Amino acid sequence: GKVFLPPLIVTLVIGMMLQPLSAKNVLKPGLEFAGRTLLRTGVALYGVQLTLGQLANGGALPIVIAALAVGLTIVFGAMAARAMGLSRDFGFLTGCATGVCGAAAAMATSAVLPRHENSDRDLAFAVMGVNFISTVTMVVYPPLHHWLGYSTFEMGVFLGGSIHDVAQVAGAGESLGKEFLTVAIITKLLRVACLLPAVVCIAAWVARSGQKAGDARPTPPVFLFGFLILAAINSAGLVPHNVQATLAQVSSFLIITAIAALGIKTSLMAMVRIGGRPVMLLVIETVFIGLLVAGLIYGLRSFGI
């Protein structure tokens, strides 16, 4: 069959091949603009794909699972990172990317973490790693349907609750069928909706531990309010379908442009030097969220949720 390579990975790799350009002073302001302003606009526009009504549609199960999966995976990420001798912030970065929504969450988290010389490298690693693992889970999870003994609804919740990136959740749901896809996307969007509280909590945690947040200000990131406002406007039914579709495309385009800029700022050698422990951390976080969601679905059955 055809091999599907996520556009994010392709873009990042092309960017990395152009890495020597990052030394040119004339390009620096543009790369900064793409990596920050375009990225934040892209994440804010992501909100247009959400409606609060949609989120309440699936009943309590997806809501409970999304909230627990996001919260526990971020805390687990920070603890596992420390246990493996990596920094707490690296745990936040990968935990939020795994728990919430892949690349967009990694970038939003990176924006509120203290800057250090390896910030861009760590972010590029998180984006690439999470995307790669999402693609693996997209292929591996759907065939487990019968083995897990889930109903169609539960399987949709499992896919949406445990796969990192929205595109891969859609791919996995699509491979099982329309009724799986809808539930998977709703559960996934509930996790995306946790982006605002998750990043604000991480920013507060960083500020509390006496470090300056990224950009040296612990204020909550404004772009996330844009995300929420757009979700609210869309919920009120004020965004026509064609406009919504266009904005969703603009959002993907801006995030992908930002990722190209990130790629240009990241050397492949730096990525090779990052070593095996960060890769292990991502794998462990992925297994953690998968087992957590699978277990919660069984556990919540007895409560009739």
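What share of the contacts in the protein chain between residues at least 6 apart in sequence join residues at least 24 apart? The share is 83%, where contact means heavy atoms within 4.5 Å.

This is a predicted model, in which local features need pLDDT of at least 70 and side-chain atom pairs count only at pLDDT 80 or more, while totals for chains, interfaces and linings use all residues. Residues are numbered from 1 along each chain as its sequence is written, and side-chain values use heavy atoms, with hydrogens and water left out.

**Figure 1. The protein chain as a whole.** The protein chain has 16 helices and zero strands; helices (H or I, at least four residues) and strands (E, at least two) are DSSP runs, numbered from the N terminus. Of its 305 residues, 52% are buried (buried means under 20% relative accessible area, exposed over 50%, partly exposed in between, with a 1.4 Å probe and protein chains only). Carbon and sulfur atoms hold 71% of an accessible surface of about 13400 Å², computed by the Shrake-Rupley method with a 1.4 Å probe.

**Figure 2. Packing of helix H5 (residues 88–101) with helix H16 (residues 276–301).** The axes of H5 and H16 are 10 Å apart and form an angle of about 40°; axes are lines fitted to C-alpha atoms, for helices over the stretch in contact, and angles run from 0 to 180 degrees between N-to-C directions. H5 is therefore oblique to H16 (angles under 35 degrees count as roughly parallel, over 145 as roughly antiparallel, 65 to 115 as roughly perpendicular and the rest as oblique). On the H5 side, Phe90, Gly91, Thr94, Gly95, Thr98 and Gly99 take part, and they meet Pro278, Leu281, Leu282, Glu285, Thr286 and Ile289 of H16. Five residues of this contact are nonpolar, six polar and one charged; Ala, Val, Leu, Ile, Met, Phe, Trp, Tyr, Cys and Pro count as nonpolar, Asp, Glu, Lys and Arg as charged, and the others, Gly among them, as polar.

Figure 3. His145 has a relative accessible area of 10% and so is buried. Leaving aside residues up to four places away in sequence, His145 touches Tyr150, Ser151, Thr152, Met155 and Phe180.

**Figure 4. Thr37 in helix H2 (residues 28–45).** Thr37 is partly exposed, at 38% relative accessible area.

Figure 5. Arg40 is buried because its relative accessible area is 15%. Arg40 and Ala104 are 64 residues apart in sequence, and their C-alpha atoms are 9.1 Å apart.
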